[in-house]
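Please give a short briefing on this structure for someone who has not seen it before, grouped by topic.

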Amino acid sequence: MNDNIEPTSSSDLSNGTWLNWQDRYDSDGNIQNAWVAYTWDEPVILESTDVYYFKDGSGHKMPKSVTFEYLNEAGEWTEVTGVTPGCEEDQYNTTELGNIRTTALRMTMEPQYNELGGESD
């Protein structure tokens, strides 16, 4: 993540990937949303974010949906509203954040499910 390496596709494994395979189930075996966060020591102004998602044929799929949250001045997670983050493969998905001022940004990804209610393969 944030390594200045350009992927050739969403299934590109040549430079490593970030995966949530090990932490995607709760203690009852239910699939949970994955998340990743960036934190900064001092407040920053965030205009936008670009995300290039990974997928393969072994259970890692494009997210069904994505939300972004930031820490407000009171230290509470606040959803970035008025945006619809993309979940497209083989491209950067840019989300305009509206110049938010924060010390942390969190992206939460909802997994895709198949018709039977289980996670897609």
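At 21% relative accessibility, Y52 counts as partly exposed, where buried means under 20% relative accessible area, exposed over 50% and partly exposed in between, with a 1.4 Å probe and protein chains only. The model is predicted, so local features need pLDDT of at least 70 and side-chain atom pairs count only at pLDDT 80 or more, while totals for chains, interfaces and linings use all residues. Residues are numbered from 1 along each chain as its sequence is written, and side-chain values use heavy atoms, with hydrogens and water left out.

**Aromatic pairs**
- The rings of Y52 and Y92 have centres 5.0 Å apart and planes at 80°, so the pair is edge-to-face; rings of Phe, Tyr and Trp (its six-membered ring) pair if their centres lie within 6.5 Å, and planes under 30 degrees apart count as stacked, over 60 as edge-to-face and the rest as tilted.
- Because Y52 lies in the loop between β1 and β2 (65–71) and Y92 in the loop between β3 and β4, the pair ties together parts that are 40 residues apart in sequence.
- Y92 is partly exposed as well, with a relative accessible area of 35%.

**Residue R106**
- R106 lies in strand β4, a strand being a DSSP run of E of at least two residues, numbered from the N terminus.
- With a relative accessible area of 19%, R106 is buried.
- R106 lies over the face of W77, at 4.1 Å from the ring centre, given that a charge sits over a ring if NZ of Lys or CZ of Arg is within 6 Å of the ring centre and within 35 degrees of the ring normal.

Conventions
Helix = DSSP H or I, 4+ residues; strand = E, 2+ residues; numbered from the N terminus.
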